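Happy to go through this one with you.

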Amino acid sequence: MSRSRSRFLALALFALPLPAMAQTGGTAHLYAYTLSDRPSFEKGYRKHLEWHAARGDKLAWFAWYVMAGDRAGAFVDGTFGTTPQGLANRPDPEGDGADFRANAAPFAKALGDEGWELWRQASTATPLEERQSAPLIQVHAIAVSDPARFEAALVARPIPNASWYRAIGDGPAAYLLVTPATSVDVRPDLAGLLQRGHPALALAHAVRSETWRYAPRLALMPGGTLAP
């Protein structure tokens with residue numbers, strides 16, 4: 001879980017606008033991997049989660065497999081509902097990284113990591129901040145041509161059951177949309193989700209659209225225990 005956090009924390013502390021910094025519990029960070037040996041990775045990752053539990057980690061750690069979309073087959077883990085300070089003050093960052101490298105990293109190749117901040121004004125549901133995930137979610141990383149108009153359109157006409165995040169730092173996508181999915185058999189479609197008449201659609205395109213299945217055996221909530 002703690003692979004390249006120092007770079008992220010620097011971005012988080014200096015790239016967030018002041019109104020977002022005033023809010024608490026809206027920072028998220030995601031990591032993605034391809035796996036060379038899924039059973040061995042899961043065994044090592046669960047051992048790594050035990051390391052976190054033994055040290056009383058107060059961050060909520062989620063895990064998913066990408067079932068459909070641009071990175072189908074990938075594993076994604078991440079924390080939601082924290083703050084930059086919460087990430088900075090996690091237990092023993094160096095030990096965290098060393099334990100991950102020893103137990104899980106030999107069976108995984110990093111695809112990248114991303115920082116996000118919850119955009120509360122447009123969000124109509126925040127299940128990840130409430131430390132629970134739907135079994136299936138659609139996740140869209142979105143680039144826009146006019147952020148001011150895009151945000152105004154979504155505030156005026158919110159998407160039901162949606163959580164929106166703004167990117168921390170530079171990257172190809174400025175927004176992340178998370179909403180429940182009903183099936184892995186249909187490729188996730190941003191246009192279908194926003195509905196073709198939504199004024200925000202003309203200002204946006206999906207950099208990445210995926211359906212994720214929650215992996216509760218690879219998740220750990222503060223004070224909880226690993227699922228069998």
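What follows is a set of questions and answers about this predicted model.

Q: How do you know how far to trust the protein chain, and where is confidence lowest and highest?
A: The protein chain averages a pLDDT of 89, and 89% of the residues score at least 70. Confidence is lowest in helix 2 (residues 18-22), with a mean of 34, and highest in helix 3 (residues 38-54), at 98. Please be careful with residues 2-23: pLDDT stays under 50 there, although the model has 42 contacts beyond four places in sequence for them.

Q: What makes the largest nonpolar core, and which residues have the most contacts inside it?
A: To belong, a residue must be buried, be of a nonpolar type on the list, and be joined to others through side-chain atoms within 4.5 Å. The largest such set has 23 residues, and those with the most contacts inside it are Leu 30, Trp 64, Phe 80, Tyr 165, Leu 176 and Trp 212. Two or more residues each come from strand 1 (27-35), strand 2 (61-69), strand 3 (75-82), strand 4 (108-118), strand 5 (136-144), strand 7 (175-180) and strand 8 (204-214). A second, separate core has 19 residues, including Ala 122, Val 144, Ala 153 and Leu 177. In soluble globular proteins, nonpolar side chains tend to be buried together.

Q: Which residues are in contact with Leu 30, neighbours within four places in sequence aside?
A: Among them are Trp 64, Phe 80, Leu 176 and Trp 212. The contacts of Leu 30 also include Asp 77, Asp 113 and Glu 114.

Q: Why is Thr 82 called buried?
A: The cut-off for buried is under 20% relative accessible area. Thr 82 has 7% relative accessibility, so Thr 82 counts as buried. Thr 82 is found in strand 3, and, leaving aside neighbours within four places in sequence, Thr 82 is in contact with Gly 25, Gly 26, Thr 27, Leu 59 and Leu 87.

Q: How do you know that the buried residues of helix 6 are on the same side?
A: In helix 6 (residues 147-156), the buried residues are Phe 150, Glu 151, Ala 153 and Leu 154. Because they cover an arc of only 160° around the axis, they are on the same side of helix 6. Ala 148, Arg 149 and Ala 156 are exposed on the other side. The cover over the buried residues of helix 6 includes strand 5, strand 6 (163-167), strand 7, helix 7 (190-194) and strand 8.

Q: How do you know that Glu 129 has no salt bridge?
A: A salt bridge needs a side-chain nitrogen of Lys or Arg within 4 Å of a carboxyl oxygen of Asp or Glu. For Glu 129, the nearest side chain of opposite charge is that of Arg 120, 7.2 Å away. Glu 129 is found in the loop between strand 4 and strand 5, and touches Gly 25, Phe 80, Gly 81, Leu 118 and Tyr 165, not counting residues up to four places away in sequence.

Q: What makes Glu 42 and Arg 38 a salt bridge?
A: Their side chains meet at 3.2 Å, N to O, and the cut-off is 4 Å. Both lie in helix 3, 4 residues apart, about one turn of the helix. Glu 42 is buried, with a relative accessible area of 16%, whereas Arg 38 is partly exposed, at 44%.

Q: What makes Arg 71, Glu 114, Arg 208 and Glu 210 one network?
A: They are joined by salt bridges that share partners. Glu 210 meets Arg 71 at 2.7 Å, N to O. Glu 210 lies in strand 8 and Arg 71 in the loop between strand 2 and strand 3, so the pair ties together parts that are 139 residues apart in sequence. Glu 210 also meets Arg 208, at 3.9 Å, N to O. Glu 210 counts as buried at 0% relative accessibility, and Arg 208 is buried at 13%. A search of the whole structure finds 7 salt bridges.

Q: Why is Asp 92 called partly exposed?
A: Asp 92 has 42% relative accessibility, so Asp 92 counts as partly exposed. Asp 92 is in the loop between helix 4 (84-88) and helix 5 (93-103), and has a positive phi near 45°. Asn 161, in the loop between helix 6 and strand 6, has a positive phi near 55°. Most residues other than glycine have a negative phi.

Terms used
Residues are numbered from 1 along each chain as its sequence is written. This is a predicted model: local features need pLDDT of at least 70, side-chain atom pairs count only at pLDDT 80 or more; totals for chains, interfaces and linings use all residues. Side-chain values use heavy atoms; hydrogens and water are left out. Buried means under 20% relative accessible area, exposed over 50%, partly exposed in between (1.4 Å probe, protein chains only). Contact means heavy atoms within 4.5 Å. The arc is that of the directions from the helix axis to the C-beta atoms. Lys and Arg count as positive and Asp and Glu as negative; His and the chain ends are not counted. pLDDT is the predictor's confidence in each residue, from 0 to 100.
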